[in-house]
Amino acid sequence: MNRVAKLLCSLLLLLSGLVQAETELSESQIKAAYLYKFFAYVEWPATRRQAPLAIGVLDADEVAADLEILSRELIANDYPFQVKRLRSDAITDQVDILFIGKAAMAKKLLSSPAAMPVLTVTERNEGLPSGSIINFVVVDQRIRFEISLTQAKRVNLNVSSRLLSLALRVEREDLQQ
Amino acid sequence: MTRACAKCKLCCSLIDSLWTVFWRSVYPYLKPFILLFPFCFCANLGAQERRFAFLSDLSIEDLGNIRVTSVSKNAERLRQAPASIYVITHEAIRRSGAQSLPEALRLAPNLLVAQISANNYAISARGFNSNTANKLLVLIDGRTVYTPLYSGVFWDAQDVLLQDIDRIEVISGAGGALWGANAVNGVINITTLSASKTLGNMVFAQGGDRGRTLALRHGGSLPGQNAGYRLYGKVNQWLASALADGSSAEDAWDSAQLGFRTDWRQGDNVFSLQGDTYSNRIDRLNRDEQQNSGFNLLTRWTRRLAGRGKLKVQFYVDQVRRDTPGTYKDRMNTVDVDVQHSLAEKNGRQWIWGGGYRIADDHASNSAALAFLPADQELYWGNLFTQYQQTFSSKVQIVLGAKVETNQYTGVELLPVAKVSWQLSTQNFIWLSASRSVRAPSRLDADLYIPGTAPYALAGGDDFRSEIANTLELGWRTSPNKKLRYSLVSFFSQYKYLRSVDSLPGGQYVLGNQIDGQVNGLEGELNYQPIDGWSLMAGLLLLDKSFSGGNIQLSPQGNDPRAQVLLSSKWKINEHHFLDVRWRHVEDLPEPAVTAYDALDMHFGWKLTPSVELVVSGRNLLDPYHQEFASGSGARLDNPIQVERSLDLAITARFK
């Protein structure tokens, strides 16, 4: 093998010996963790069904997969939950939190009647106006979120002030923010 | 030899040859792996792959403070692909100021790209490069563009609006089972952006020492979900190249192309309809100009199924007309239908199956110089394939696949593949693959007669059989940290029944399959991003070829360098400027001899306004001219065509 290749190989040898491994976390893993945590920061109406938390995912395979991993690995103290992968935007199928992926067209879902208190979460570039209650935004390589109180009120959900204080932006009917 | 006997012999000879090959040529190429392998483990000794479930213990504030890596889905898929694959992105093409597809292909370190003349390129992977290089499968949006006339690509007829290319996947290695016959040494898969991603108007103009280009594109959306269309037109005027003595090679050429694409989505279904039509004229020294034209129309339906399943049905028609006065004239009409079905993934198992049928109606008008006999010939290819993929919890994956193809020259061919890959840790991925690939005969192999009328000096290849390549590949991809990534792929390919020119007792020649070969090599790639906005890439290709049998002098198996090195630096100066520098070194070409050369290209980009961008490119800056290729015999070997130093300016303007 000629000199060039030998040189390259020894260089690679040196480099691999020197560097440290780093755990990398992906966007979908962080979003999955958020979705799970949002449940505790929302006051659900008394009419909420008596059943364990169900998180529905539409058109976001990676987040669904990460949620499934999370649901299997929770320790006893945390509350268990179910992950439901939804096929189309026609059904909400008894979910408490609904995550709608970037590519999905979910106009129908987001304008659903107030009878179903679902916490809708999106990851849209254009932001909240899409009709969801929480929208993920990536700011400086970190996942943050914005909240629409107007939408929350429409479906009878109260968002805890703690969560509001952590949001990047809160949209209210009365105050233009 | 009966068929059953042939298969048994094939198996035994394969095992036999692999063993000999191992001792003779494998060890030097295995050395890097043996040396570096222990370090994969060292970097991870004691560190277990951390499950991200610990995130549930963090508070919401903490979640908002974690920096994430934004690895795209495609990039993720590529890191775990058990293949030597390089992706030329839309962004890379834009920054390279490439004026044509072959120039864009120079960006791939695993391709050999050599310019022969103003309109002609020799492009191949893993050796066998020639002006009739025939071991590469090239697809544009799923449409096969290698010609059944000689199994190669007429690069002057493959124009695409480069600004609307989504990506070019260059896979070196046998792609038989999934892609088909002709994917012997590699596959180049060019995909354009869907119409909904190319909305608005774009004007592109480029001018300089090599020629001029003007392109216009109009894209709009259609009522409905994700529905769009685009129309484009492109004209090129290429200037003649120079010969070694400074005189003109008189190979200037013009081309014009029009095309459209429309896509629309309905629930889980996506439909596409696209087509192009082109025409070009190529000057020739002391001879009448060449004229070529063609068109194609393609329609595709993709449906998303449960659990990552997918169904794709595609149909296209294609016409290619070539007219080279004094040599040949040809019209080839092709109709192709393809189906691919990926079943839902279950417990780490996935099945993919598919099939296709292609018919080509070829009409050759022969000349005194050469003839394709019979002049009119109907060609067909049918194929059925299946692939099984299973992932085990320890991140080990096996892939088993096989394709069965038929063609009217040789009947049934089997192309099997077996791969095993192991994600050792989040940083290291290794794979081993073994495959059998086949180059089915083309008209040139079976039906070529020289001269055009009897008595013939070359009388076709009645018994021509498919060329076979048995390849063993060992690859390793590693990413020690976020800034550094590199891979090494070692390959050992045994070729059998390579095309040879055989002499018959009467003094006549026929085309046969007397040559066997062994090509071993190494493909390496390194990517390093020292700071945000500056990235470095190094690519290496090493080739070691040996042949036996037949008359090698009469039947050259490509003209390839022993090594090729690519180095590139991409620097994003600020939001409006970038500076890319690319250097390549290509070793000597042996027969006919071409001296080794170095070439340096520089590209400076300037975004004048958010919708107008300028790219100034300087190519081959180190020498006023150099030669990149030579093939055949006598063809101007004493006064060859040179590739000259050039400067050009490209302007892209986008507006509603």
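Author: Let us begin with burial, for which a residue is called buried under 20% relative accessible area, exposed over 50% and partly exposed in between, with a 1.4 Å probe and protein chains only. B:Thr471 has a relative accessibility of 7% and therefore counts as buried. The structure is a predicted model, in which local features need pLDDT of at least 70, side-chain atom pairs count only at pLDDT 80 or more, and totals for chains, interfaces and linings use all residues. Residues are numbered from 1 along each chain as its sequence is written, chains are lettered from A and ligands numbered from 1 in the order in which they are written, and side-chain values use heavy atoms, with hydrogens and water left out.

Reader: In which strand is B:Thr471 found, and which residues does B:Thr471 touch?

Author: Helices (H or I, at least four residues) and strands (E, at least two) are DSSP runs, numbered from the N terminus. B:Thr471 belongs to strand E25 of chain B, which covers residues 467–481. A contact means heavy atoms within 4.5 Å. Leaving aside residues up to four places away in sequence, B:Thr471 touches B:Arg126, B:Ala174, B:Ser433, B:Ala434, B:Ser435, B:Phe492 and B:Ser493. Sequence and space can also be set side by side: B:Thr471 and B:Lys135 are 336 residues apart along the chain, and their C-alpha atoms are separated by 13 Å.

Reader: Where is B:Ile66 placed, and is B:Ile66 buried or exposed?

Author: B:Ile66 lies in the loop between helix H2 (60–63) and helix H3 (73–79) of chain B. Its relative accessible area is 16%, so B:Ile66 is buried. Between B:Ile66 and B:Asn280 there are 214 residues in sequence and 55 Å in space, C-alpha to C-alpha.

Reader: How is a salt bridge read, and how many does the structure hold over all chains?

Author: A salt bridge is a side-chain nitrogen of Lys or Arg within 4 Å of a carboxyl oxygen of Asp or Glu. Over all chains, the structure holds 38 of them. One of these joins B:Glu91 to B:Arg94, with the closest N and O atoms 2.8 Å apart. Because B:Glu91 and B:Arg94 are three residues apart in helix H4 (residues 90–96) of chain B, about one helical turn separates them. B:Glu91 has 37% relative accessibility and so counts as partly exposed, and B:Arg94, with a relative accessible area of 26%, is partly exposed.

Reader: Which salt bridge links distant parts of the chain?

Author: B:Arg230 and B:Asp164 form a salt bridge whose closest N and O atoms are 3.6 Å apart. This pair links distant parts of the chain, 66 residues apart: B:Arg230 is in strand E10 (residues 228–238) of chain B, and B:Asp164 is in the loop between strand E5 (143–144) and strand E6 (165–172). Both B:Arg230 and B:Asp164 are buried. There is also a network of salt bridges, which links B:Glu103, B:Arg106, B:Arg210, B:Arg582, B:Arg584, B:Asp601 and B:Glu628.

Reader: How is a pair of aromatic rings described?

Author: Such a pair is described by the distance of the centres and the angle of the planes. Rings of Phe, Tyr and Trp (its six-membered ring) pair if their centres lie within 6.5 Å; planes under 30 degrees apart count as stacked, over 60 as edge-to-face and the rest as tilted. A search of the whole structure finds 20 aromatic pairs over all chains. A:Tyr34 and A:Phe38 form a stacked pair, 5.7 Å centre to centre with 25° between the planes. Both lie in helix H2 (residues 27–38) of chain A, four residues apart, about one turn of the helix.

Reader: Finally, how many helices and strands has chain B, and how many has chain A?

Author: Chain B has seven helices and 35 strands, while chain A has six helices and nine strands. Buried residues make up 54% of the 656 residues in chain B and 49% of the 177 residues in chain A.
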